[in-house]
Every structure is written in structure tokens, then in C-alpha cells.
Amino acid sequence: MSEFSFHFSSPGWLGLLLLIPLVGIWLKHSRNHSGIAGIDGYADSHLLPHLSGSHSIDGSGQWRTFTLWVLLWSLLVIALAGPRWDYTRISLFTPGANLIILLDISRSMSVADVAPSRLARARQEIEDLIDNNSRLRIGLIAFASAAHVLTPITEDTHSLRKLLPAISGDLVRLKGSRLSEALIRARTLLAGQPKESLNSILLISDGDFADSRLEAEISTLIKEGVALHILGIGTDVGGPVPGELERFVLDEKGRVIESKLDELGLEELAKRTGGSYQTANYRADDSAKILQLAAAEGAQKETKATTKVWNERFFWLLIPALLILLPRFRRSRIQEREQ
């Protein structure tokens, strides 16, 4: 919303306008003592301008030049003072609700016990979150044996949406799923947010973490008051874990590894941090519930603080100043050619 209010950004420059009367007094004083009046006895009045070297012996040309200078000087000084006469109110970056999504991209997320696969189902859940989100700032971290920040905490969910199709299990080079690495990256991102913000984490995974450092990271989350919401992907029936060259992953004894959704483990993990657990489905109610929980307290902390962004208008004064100067430059070039 634009509003009207005139003022100068740097009014101190207006003090230069005081030079105008000083220059005028100096010109009048110098003319009175120039001695021109004493030469009128040496030639006729129409010849005096040629004798004195001035175009007008009565000083009218000098005062016209002074008037032009006053106009030009005033325009430039007022432009330096920075006239502003309208502004736009914008909302400040205020404490609100931040949600970091931890997406498990380990090999077990390629299991097809939910169509078309667990990872594809997880991407769809994230897209549903983006479509229904209106208040949360969202960040995305993908993890397996290592964690990678794909997007920082941002309101620009358009970039996040464009990134989703490229996320696949092919990015994983090593086996394993280390949630602790993802939690460390998430806490680093949250540390850069306003202290009054409500911070929460959404884990999208099938569970079964073999991570010795996980317990310490969960204890840290509890101390910092960060809720860990979990969206389980998969079924209790499970399925074989796909490997390379269209084969399945085998254990040390040569048997096909079956992966099942660790629903009990994930539910206990969410409960300990004050978060919620639910198994992903094909309806929109699972993502809607997560958004509702993540944004509940954040809505209470949001403020309506705004600031004014002034629209600078000094350039409007430079246009007539240039129009005054341009003919003077052209005239001086013509005089140089004639000489």
C-alpha cells in the first residue's frame, strides 16, 4: 500500500541555498566598484560594450546569467537533499514458524510396498505440504549415510517444488541411514532464525536407524524444545530393497533384505520430542495435520510490524537541470568552431 508524505532524506544539503543571496550581494558589490561608470566619457554608449568586452554595459546580461545559475543551483541542491513524497509499507521479517523437512533417501526408501515407491510417495507428501502451506517457512534436508541441505529455510516454496523431481535414491553412494547427521544440519539452520520463532522438524522416513549418535541428538532436541513430527512411509508387510542392475540387496548370507515400516519406533521417537506421528496415506489430511501442528504456536508469535520503504524522487529535479545545461554546452561548441 502506497501513502503520501513529503520530506527530505538529507535536509542538511539545503544549507547550500544560502549561497544564492551571498553570490547576489557579491555581484552587486563588484559591479558598483568595477569602474565601468568611469569609461562612458571615452566613447558613445552604443560602442561601450565593445570597449569593455561585455555584451551589455548595463549589466542585464550578467544578471540574466545569475538568474539562470540560481535556478540550476536550486534544482541540484534540492535533488541532493533527497525529496521523497511517497512510500510503501512492507511487513518486516518477523518471528514465526519454521519447518525443516528431513527426507530419508536411503535405499530402503526405494521399496515399492506403496505405489510407485516410498520415495515417490514422500515427494508427493512434500508437494502436498507446499500446496497447503500459507504460514510456514520451509527448509529441506535429504539424508542417508550423510545429510545434504537442499534448500535453506525460506518462503520461496517455488524453488523447492522445482527441486523435488530430481531427488532420488541414486544420490546415495554409501549404505545406511544416519538420522543424527540430518538433525545436526537442521539445528544449524534453525540457529540462524529469530529466537522467538517456533521451530519444528518433520521427518519423512521408513525408520530403522542404525545410528549410535541418534540418542544424543534427540536429547538435544528435547532441551531446545524443538518438536519432531514424523510421517512414516511404507507398510508393515514391507518389500525387498532394490539394488543395482535391477537386482535386490542381499545380506551377508545371500538372502534378499526385506524392509518394513518401523511404525512403533517412529511413533516412540515422535512422542519423546513432543511431536506427532502418522503414517502417510493418499489423502491430504496427513499433510494438513502436520501444517496445523507446526503453525499453531507460530501464528501466536507473528507480529504485524511494518516499515516504510521510501520512493526516491530526486531524479525528477535532474531532468530540468539537464535541459538548462544542454543548450549552454551546444552554444559553447558553436563559439569554439567560429573562433
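Helices here are DSSP runs of H or I with at least four residues, strands are runs of E with at least two, and both are numbered from the N terminus. On that basis the chain has ten helices and eleven strands. The model is a predicted one. Of the 339 residues in the chain, 37% are buried. Among contacts with a separation of 6 or more, 81% are between residues 24 or more positions apart.

**Helix 6 and helix 7**

Two packed helices are described by the angle between their axes and the distance between the axes. Helix 6 spans residues 179-191 and helix 7 spans residues 214-224.

On the side of helix 6, the contact is made by Leu179, Ser180, Leu183, Ile184 and Arg187. Helix 7 contributes Leu214, Glu217, Ile218, Thr220, Leu221 and Glu224. By residue class, the contact of helix 6 with helix 7 comprises six nonpolar, two polar and three charged residues.

A pair of aromatic rings is described by the distance of the centres and the angle of the planes. Rings of Phe, Tyr and Trp pair if their centres lie within 6.5 Å, and by this rule the count comes to four aromatic pairs. Two of the pairs are listed here.

| Pair | Centre to centre | Angle between planes | Class |
|---|---|---|---|
| Phe66 and Trp69 | 6.0 Å | 25 degrees | stacked |
| Trp69 and Trp73 | 5.6 Å | 20 degrees | stacked |

Planes under 30 degrees apart count as stacked. With planes at 20 degrees, the pair of Trp69 and Trp73 is therefore stacked.

Phe66 and Trp69 both belong to helix 3 (residues 60-81), where they are three residues apart, about one turn of the helix. Trp69 and Trp73 also both lie in helix 3, four residues apart, again about one turn. Ring pairs join Phe66, Trp69 and Trp73 into a cluster.

Trp69 has a relative accessibility of 29% and counts as partly exposed. Trp73 is partly exposed as well, with a relative accessible area of 23%.

Note on methods. Residues are numbered from 1 along each chain as its sequence is written. This is a predicted model: local features need pLDDT of at least 70, side-chain atom pairs count only at pLDDT 80 or more; totals for chains, interfaces and linings use all residues. Side-chain values use heavy atoms; hydrogens and water are left out. Axes are lines fitted to C-alpha atoms, for helices over the stretch in contact, and angles run from 0 to 180 degrees between N-to-C directions. Contact means heavy atoms within 4.5 Å. Ala, Val, Leu, Ile, Met, Phe, Trp, Tyr, Cys and Pro count as nonpolar, Asp, Glu, Lys and Arg as charged, and the others, Gly among them, as polar. Rings of Phe, Tyr and Trp (its six-membered ring) pair if their centres lie within 6.5 Å; planes under 30 degrees apart count as stacked, over 60 as edge-to-face and the rest as tilted. Buried means under 20% relative accessible area, exposed over 50%, partly exposed in between (1.4 Å probe, protein chains only).
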